[in-house]
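Here is a short briefing on a structure with its sequence. Look at both before you read on.

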Amino acid sequence: MTTPHTRVGRPRPTGNNFELYSWYFFRISGLLLILLAVTHVVIMHVVNNVSQIDFNFVAHRWGSPFWRSFDWLLLILALLHGFNGARLSVDDYIRNRGWRIFAHSVIWSALIIFIVLGTIAIVTFNPASFSNATASAGR
Amino acid sequence: MLSWALHRISGLGVLAFLLLHIVDIFLVGYGPGPFNDLLFLYRNPIFRIGEIVLVGAVYYHAANGVRIILIDFWPAAYKIERQLYYIAMAVFLIGFAATAAVMIADMF
């Protein structure tokens, strides 16, 4: 460790471009995600027990706009952070031009598809529309 | 560098799980019947062990990620790089041991 600039992650990209912003995005979203994801893990697996979690648990939780927003933020940041990493991995490991086009197409498509799926699930969830006598969040 | 490889592997692994997770939660929109039926999958012991591995991947990725951020933005960090690595691994192991203990206990 004699050089002052030993690296762990990638060096910060030079220039004022997408790569620079994605480099900063990784770090900023990463810190936010630690808060969001660890809270999520603790709520689901420590405070509660996965075997207790069912439709009513979700309905009760998503009765609160705070938790819906929290979960949506976790969704968006995790997808963007994760797929940005997948994009870099493709750039590092896939050399063939045809396969690169394919891989990047898959990544961008999957990103959009999963943002839409997750957003629909969170925003349109309405437990009152199910004739469930024990639903506690139907208002 | 092994920590970098694990960072990537844990990240891609968590991403793969996340995609599955979005699909399964999407089912909540179909009502208590289909959603609760699907949950039997998640109560399978093999899946419960997979969840513990997943939590490990999340915690490792987070702890190592904070180390990366510190080295990126704190100019003096290079002086204590080795110690930062040990601290990151300690944070990971302690957090993971605590969470895994609860998750394993909940399996019985």
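Which residues in α4(A) meet which residues in α1(B)? A:F114, A:L117, A:G118 and A:A121 in α4(A) meet B:L19, B:I22, B:I25 and B:F26 in α1(B). Here, two residues are in contact if their C-beta atoms, placed from the backbone, lie within 7 Å.

This is a predicted model: local features need pLDDT of at least 70, side-chain atom pairs count only at pLDDT 80 or more, and totals for chains, interfaces and linings use all residues. Residues are numbered from 1 along each chain as its sequence is written, while chains are lettered from A and ligands numbered from 1 in the order in which they are written.

**Chain A in outline**

- Chain A has four helices and zero strands. Helices (H or I, at least four residues) and strands (E, at least two) are DSSP runs, numbered from the N terminus.
- The order of elements in chain A, from the N terminus on, is α-α-α-α.
- Of the 139 residues in chain A, 15% are buried. A residue is buried if 20 or more other C-beta atoms lie within 10 Å of its own, exposed if 12 or fewer, and partly exposed in between.
- Take the contacts in chain A with a separation of 6 or more: 64% of them join residues 24 or more positions apart.
- A:R12 sits in the segment before α1 of chain A. A:R12 counts as exposed because it has 12 C-beta neighbours inside 10 Å.
- A:R12 and A:S22 are ten residues apart in sequence, and their C-alpha atoms are 10.0 Å apart in space.

**Inside chain A: α1 and α3**

- α1(A) and α3(A) pack at an angle of about 135°, and their axes are 9 Å apart. Axes are lines fitted to C-alpha atoms, for helices over the stretch in contact, and angles run from 0 to 180 degrees between N-to-C directions.
- That angle makes α1(A) oblique to α3(A). Angles under 35 degrees count as roughly parallel, over 145 as roughly antiparallel, 65 to 115 as roughly perpendicular and the rest as oblique.
- The residues of this contact divide into twelve nonpolar, six polar and no charged. Ala, Val, Leu, Ile, Met, Phe, Trp, Tyr, Cys and Pro count as nonpolar, Asp, Glu, Lys and Arg as charged, and the others, Gly among them, as polar.

**Where the chains meet**

- Contacts link 34 residues of chain A with 37 residues of chain B.
- On the side of chain A that touches chain B, α1 (18-47), α2 (55-61), α3 and α4 each supply at least two residues.
- The largest share of that side, nine residues, comes from α1(A).
- That side of chain A holds 19 nonpolar, 13 polar and two charged residues.
- α4(A) and α1(B) pack at an angle of about 35°, with axes 9 Å apart.

**Two helices of chain B**

- Helix α1 of chain B (residues 2-26) has 25 residues, so at 1.5 Å a residue it should span 36 Å; its end C-alpha atoms are 36 Å apart, which agrees. The expected span is 1.5 Å times one less than the number of residues.
- B:H7, B:S10, B:G11, B:V14, B:L18 and B:I22 are buried in α1(B).
- The cover over the buried residues of α1(B) includes α3 (65-93) and α4 (97-124) of chain A, together with α3 (45-73) of chain B.
- In α4(B), the buried residues are B:A88, B:F92, B:T99 and B:M103. Their cover includes α1 of chain A and α3 of chain B.
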